[in-house]
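Keep the structure open as you read.

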Amino acid sequence: MTTTTPLPKATGRPVAERTEARRRTRRLPFSAWHLLLAPLAVLFALPLLWLLVSSVMSDAQFNRFPPALVPSGIDLGGYRYVLGNGMFPRWLLNSVIVSTVAVASNLVFGALGGYAFARMRFRGSRALLALMLATMAVPFQLTMIPTFLVMKKLGLIDTLGALVVPSLVTPFAVFLLRQFFLSLPRELEEAAWIDGCSRLRVLRSIVLPLARPALATVAVLTFLTTWNDLSWPLIAINHDTQYTLQLGLTTFQGTHHTRWSAVMAGNVITVLPVLLAFLAAQKTFIRSLTSSGLKG
């Protein structure tokens, strides 16, 4: 007859500790990280909040010393001045045209170049990829004069073409899409090749639908860069009818007198499309950056 040794009884202390931990967890309906991230989010949002508040101030409140942090009343004079400016709709249209063409061309050429570097092996492909990535480390100030001379030879100076042509494709778009294409399984493409699909059809019908997060990221980043660009339009554009929004807003700042309410109102209108575009593609943006770094 075998005797069984009784197991020691579990004390009530670990159970009580677990119960207390569960109660503490239930007290917070959100993650504890939010206690750190929420103040940081408020801190980063302060410039946008100040921009919105200052856009409804009058010029007298701007020029008062000490400056007013909270407006005594809502003054929409800056918005009326900006929207009543006859050139503002033209500047808005120019910015939309340049940004739209830049986004579309980067999606097309970036996808073609990224897929070629990810799936096709040809002589000098690695050297060409390294050379292309090396251009990302070259600052714009070094290429500014050669780009201006090329645009002048093409007769594009003082036209929207001078703003569109240098932004048709960027090394970052090619690199980001290449990294995303490397994370996709080859079996899907090989099955399509067996069925007789060409590389271009495989790219269009199979790869690109799976690469929507990366394409959205390229579109948002290209739109942000092109929409906010000021240095290159300042060099390539001379006539006010070809100004973009960023360049047109500089005309509101005079030498002796500046309508700060109009400047702030114009910046609010300019920032609004950028903010909406980023919020709309936030999830796909994060998903693309996390997946594009899986393979090198």
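For sorting lining residues by class, Ala, Val, Leu, Ile, Met, Phe, Trp, Tyr, Cys and Pro count as nonpolar, Asp, Glu, Lys and Arg as charged, and the others, Gly among them, as polar. This is a predicted model, where local features need pLDDT of at least 70 and side-chain atom pairs pLDDT 80 or more, while totals for chains, interfaces and linings use all residues. Residues are numbered from 1 along each chain as its sequence is written, and side-chain values use heavy atoms, leaving out hydrogens and water.

A pocket here is an open set of points on a 1 Å grid over the protein atoms alone, where a 1.4 Å probe fits and protein lies on both sides within 12 Å along at least five of seven lines; its lining residues have an atom within 4 Å of a point. A volume is the space filled by probe spheres set on those points, which are joined across faces, edges and corners.

Start with the largest pocket, at about 890 Å³. Its lining takes in 29 residues, with Phe-140, Pro-166, Ser-167, Thr-170 and Thr-225 nearest the centre. By class, that lining splits into 16 nonpolar, 12 polar and one charged. Helices in this text are DSSP runs (H or I, at least four residues), numbered from the N terminus. At least two lining residues come from each of α5 (88–119), α7 (140–153), α9 (171–182), α12 (212–227) and α13 (231–236), and α12 gives the largest share, with six.

Now for the second largest pocket, which holds about 150 Å³. What classes of residue line it? Eight are nonpolar, with no polar and no charged residues. They are Leu-48, Leu-49, Leu-51, Leu-52, Val-268, Val-271, Leu-272 and Leu-275. The elements giving two or more of them are α2 (34–54) and α15 (260–280).

Finally, follow α5 to Ser-105. This serine counts as buried because its relative accessibility is 8%. Beyond its neighbours within four places in sequence, Ser-105 is in contact (heavy atoms within 4.5 Å) with Gly-110, Ser-167 and Leu-168.

Definitions and conventions. Buried means under 20% relative accessible area, exposed over 50%, partly exposed in between (1.4 Å probe, protein chains only).
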